[in-house]
Amino acid sequence: MEQYVIKGGNPLVGEVEIGGAKNAALGIVAAAIMADETVTIENLPDVRDINVLLNAIECIGAIVDRVDSHTVRINGRYIGSLCVDNEYIKKIRGSYYLLGALLGKYKKAEVALPGGCNIGSRPIDQHIKGFEALGATVDIEYGLIIAEAERLRGSHIFLDMASVGATINIMLAAVMAEGRTIIENAAKEPHVVDVANFLNSMGANIKGAGTDVIRIRGVASLHKTEYSIIPDQIEAGTFMFAAAATKGDIMVKSVIPKHLEAASAKLLEIGCEVEEFDDAVRVVAAKQLRQTHLKTLTYPGFPTDMQPQIATTLTLCRGTSIVTESIFENRFKYVDELSRMGAKIKVEGNTAIIEGVEKLTGARVNALDLRAGASMVIAGLAAEGITVVEDIVYIQRGYERLDEKLRSLGGQIERVSSEKEVQKFRLMVG
Ligand code: EPU
């Protein structure tokens, strides 16, 4: 099992390039199989979840040509199987987009029930409600979700909650359905808009993505395109909070600052300087930071995927902060890990009360899920002494070359796979 070993205490300083958005890429790779022509996708993040999805579509017959680590060509013409089930696909959340894509194109799909980070119960009832409204029957048998329809017909669907996954999945199923589909209470996240833009570039007719109401007119087929995925707002936010927690100065490059406004606003509130450029954001933490309160919300609110990273930063801010998680009910499990490092956090229901401390100290901690794992790395970089983060496989699901990027900012972090290597690092950093 690989680990990160970190010697904390250095402010992170310098510039970092952000990659393509993982959660947009999952929808876009699935959507790509809906065309019988070659689709070229650029700015694809080279992370585990994407590679698992590419492997899954290859297994059912799609042609996948990795042009380089960030560019792929996909052609769905030769798909021969509509059943997606393997050991790895079960572990990723984005596998559910193959349901919408295959159902939309072939009117049938069988996909292993999705896994993903253990951050709550994560039902998919809204996805199923959408497929059924379009005319499909949906059953769960032998660990597979089986969706099937004679024909798909446009429908008026009202989501009970603005679910990112359900919005994208219903869009996928509806783009080739007969007639008009309306999704009300749709999710507005930038990656929803990116998947819609990608589908439109393939000839789909989707209007309103980024608002509460998405209108789709079904088309008979989708065609080739070349498309570049938007920057990953969560990777960017992770570096922004790493700058704050380590009292650093980072220029986060290749981003869309508008997508980072919720993070920027909180960083300003706690006392950082935040400078916005056309496609970059600079975060400077020059003085003692102070507490704030926040609640996670759907876009444009503060994203749940940045909650562990800001909470970690707040452990080092003066005063008492209150963080309320309103999207996933189980997203504070990392608090026990942070407590090992000296953080003072009390969780009551979906609220964490964080009493700022002078310092964190290095410890052996676990990456319990993707974003919790990233926040352990931030804590390790800010803490005194050595931190070992175990189970970094979770982090690798969504962060590309995290250790390398942090080293380029002056972070002392190595990826190791044995205790001997941990000891070697300890000797090296003194
Ligand atoms: N929900 C339902 N029923 C549904 C769908 C969702 O009750 O049918 C609930 C969920 O349980 C949750 C809320 O609605 O309480 C929002 O869930 P949503 O569907 O928006 O989340 P998701 O599609 O499962 C995606 C991202 C998550 C990100 C959330 C929120 C992917 C693959 N995952 O999950 O990303 O936290 O949206 O923005 O896109 C991550 O990247 O670390 C990650 C967990």
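**Figure 1. Proline 300 lies in the loop between strand E18 (293–295) and helix H9 (307–314).** Helices (H or I, at least four residues) and strands (E, at least two) are DSSP runs, numbered from the N terminus. The structure is a predicted model, in which local features need pLDDT of at least 70 and side-chain atom pairs count only at pLDDT 80 or more, while totals for chains, interfaces and linings use all residues. Residues are numbered from 1 along each chain as its sequence is written, and side-chain values use heavy atoms, with hydrogens and water left out. Tyrosine 299 and proline 300 are joined by a cis peptide bond, with omega about 10°.

**Figure 2. Asparagine 185 and lysine 247 are shown in their loops.** Asparagine 185 sits between strand E11 (180–184) and helix H6 (190–201). Although asparagine 185 is not a glycine, its phi is positive, at about 60°.

**Figure 3. Helix H1 and methionine 34 are shown together.** In H1, 11 of the 11 residues are buried, so the helix is largely enclosed by the rest of the structure. Among these buried residues are Lys22, Asn23, Leu26, Ile28 and Val29. Methionine 34 belongs to the loop between helix H1 (22–32) and strand E3 (38–42), and it counts as buried at 2% relative accessibility. Not counting residues up to four places away in sequence, methionine 34 touches Ala101, Gly104, Lys105, Leu172, Val175, Met176 and Leu222; contact means heavy atoms within 4.5 Å. One of these residues, leucine 172, is 138 residues from methionine 34 along the chain, yet their C-alpha atoms are separated by 8.7 Å.

**Figure 4. Lysine 405 is placed in helix H13 (residues 402–408).** Is lysine 405 buried or exposed? Its relative accessibility is 8%, so lysine 405 counts as buried. The side chain of lysine 405 makes a polar contact of 2.7 Å with the side chain of glutamate 235. A polar contact is a pair of N or O atoms within 3.5 Å; within protein, one must be able to donate a hydrogen and the other to accept it, and residues adjacent in sequence count only if both atoms are side-chain atoms. A polar atom of the lysine 405 side chain also lies 2.9 Å from the backbone oxygen of glutamate 17. Leaving aside neighbours within four places in sequence, the residues in contact with lysine 405 include Val16, Ile18, Gly19 and Phe239.

**Figure 5. Strand E21 runs antiparallel to E19 and to E20.** Strands pair if DSSP finds at least two bridges between them. Five bridges join strand E19 (residues 320–324) to strand E21 (residues 351–355), and the bridge partner of serine 321 in E21 is isoleucine 354. Strand E20 (residues 344–348) is joined to E21 by five bridges as well; lysine 344 has glutamate 355 as its bridge partner in E21. E20 and E21 form a hairpin with two residues between them, and glycine 349 in the turn has a positive phi of about 60°.

**Figure 6. The ligand is surrounded by 23 residues.** The closest are Tyr96, Gln126, Ser163, Asp305 and Ile327; a residue is near a molecule if one of its heavy atoms lies within 4 Å of it. A backbone N or O atom of glutamine 126 lies 2.7 Å from a ligand oxygen atom. An N or O atom in the side chain of serine 163 is 2.6 Å from an oxygen atom of the ligand, and a polar side-chain atom of arginine 371 is 2.8 Å from a ligand oxygen atom. Taken alone the ligand exposes 820 Å², of which the protein buries 91%. Accessible areas come from the Shrake-Rupley method with a 1.4 Å probe; for residues, only the protein chains shown count as cover.

**Figure 7. Cysteine 272 and cysteine 317 are shown with their sulfur atoms 7.5 Å apart.** A disulfide is a pair of cysteine sulfur atoms within 2.5 Å, and a search of the whole structure finds zero disulfides. Cysteine 272 counts as buried at 5% relative accessibility, and cysteine 317 counts as buried at 1%.

Notes. Buried means under 20% relative accessible area, exposed over 50%, partly exposed in between (1.4 Å probe, protein chains only).
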